[in-house]
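Let's take a walk through this one together. Have a look at the chain as a whole, then follow along as we zoom in on a pair of helices and a single side chain.

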Amino acid sequence: MTTQGADPSNDHVADLVLEGGGVKGIALTGAVWAFDDDSWTFPRIAGTSAGAMVGAVLAALQAAGEPLSQVVELAKTLDYRRFRDRGFPGSWLGPLGVLADPLAVVLEQGAYEGDYLHDWIRGVLADLGVHTFGDLRRVDPDGDGHVHHEYSLVVTASDISRKRLAYLPWDYADYGLDPDEQSVADAVRASASIPYFFEPVTLKGAHGRSTLVDGGLLSNYPISAFDRLDELPPRWATIGIRLDALGIGKEQPPEPVRNVVSMGIALVETAIEANQAEHVIDPCNIARSVYVDTRDVGPVDFSITAAEQRLLIERGHEAAASFLKTWDYESWIRRCRPAWV
């Protein structure tokens, strides 16, 4: 039985959603590698924080006609120790820079500049010919007519000035900005702005100045981002990758909060857990999600070794390969969306 309106040739096509998780995001690249082994393509990609970084690189690789598996090698060029890029006076204090972190939080709302993250993603995207979201605009005459089908990438950020979740580039028009002219690297930097850890991003728009922080604060796994709004059946699946071990080890020992930076990280992680809305833990969304066990790595473990990185990549590859062995879109449709059959 074929889903009404679906194209049987799209068996290896899906929209992709990537969960955030800081350093854990290395595992996302291994999962994508498994999809690439099986010749999958992704018309649209959504991501939060680390998922936004990986998603942006994937969208650029596709736009350039490059193999998606290259994301693994590109991720290996990251020097995670440089994510802790202190400004003045912390950078002058060397090993004692941690003493200046509280002052940086007070003066600049973040202990670290976030410049290395921004410069790295901007450079990688530029090498692949992607600068603004206009480079990732796609023509989709069979979409539902809404903006969420018009770009091959969307990232989430939390606008704490307007108390709302921002989908970029979709929501740039609400700020009086042309989506096609906005920097992809700037949006990714905003999506990854862990409160108190990285300085937030300021967005100037029609409503004044908005402060943007980590999208995971409000939506760490936007699995429904590309679901059609016109009630017609989708042409292909949406598949997500989560940095979680489903149903395993949910009870973790308490983690002490020792300073303002660790408090910011704890606040984000608490908000993420509290905001795992029913649509995320719905059995039908669980069924279309790859789960990668990253429990033994913290989101800001920037001292992670090369061996630990390889292990995360391998776990991602194994989890996605296992998922693909049993994934069947038609079965998912019959069980979860019977009205479309």
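Are α2 and α6 roughly parallel or roughly antiparallel to each other? Keep in mind that you're looking at a predicted model. Helix α2 covers residues 50-63 and helix α6 covers residues 184-191, and the two pack at an angle of about 160°. Angles over 145 degrees count as roughly antiparallel, so that's the label for α2 and α6. Their axes sit 8 Å apart, and α2 passes α6 in a right-handed crossing.

Who's doing the touching? On the α2 side the contact comes from A52, M53 and A56, and on the α6 side from V184, V188 and S191. Sort the residues of this contact by class and you get five nonpolar, one polar and no charged.

Now zoom back out. The protein has 11 helices and 10 strands, and 53% of its 341 residues count as buried. Take the contacts between residues at least 6 apart in sequence: 77% of them join residues at least 24 apart.

One last stop is R310, which you'll find in helix α10, residues 306-326. Is R310 buried or partly exposed? Its relative accessible area is 45%; buried would need under 20% and exposed over 50%, so R310 is partly exposed. Look across from R310 to G30: the two are 280 residues apart along the chain, yet their C-alpha atoms are separated by 8.9 Å.

Notes:
Residues numbered from 1 in each chain as written. Predicted model: local features only at pLDDT ≥ 70, side-chain atom pairs only at ≥ 80, totals over all residues. Heavy atoms only, no water. Axes fitted to C-alpha atoms, helices over the stretch in contact; angles between N-to-C directions. Helix = DSSP H or I, 4+ residues; strand = E, 2+ residues; numbered from the N terminus. Parallel < 35°, antiparallel > 145°, perpendicular 65-115°, else oblique. Left-handed = near helix turned anticlockwise from the far one by under 90°. Contact = heavy atoms within 4.5 Å. Nonpolar A, V, L, I, M, F, W, Y, C, P; charged D, E, K, R; others polar. Buried < 20%, exposed > 50% of the residue type's maximum accessible area, 1.4 Å probe, protein only.
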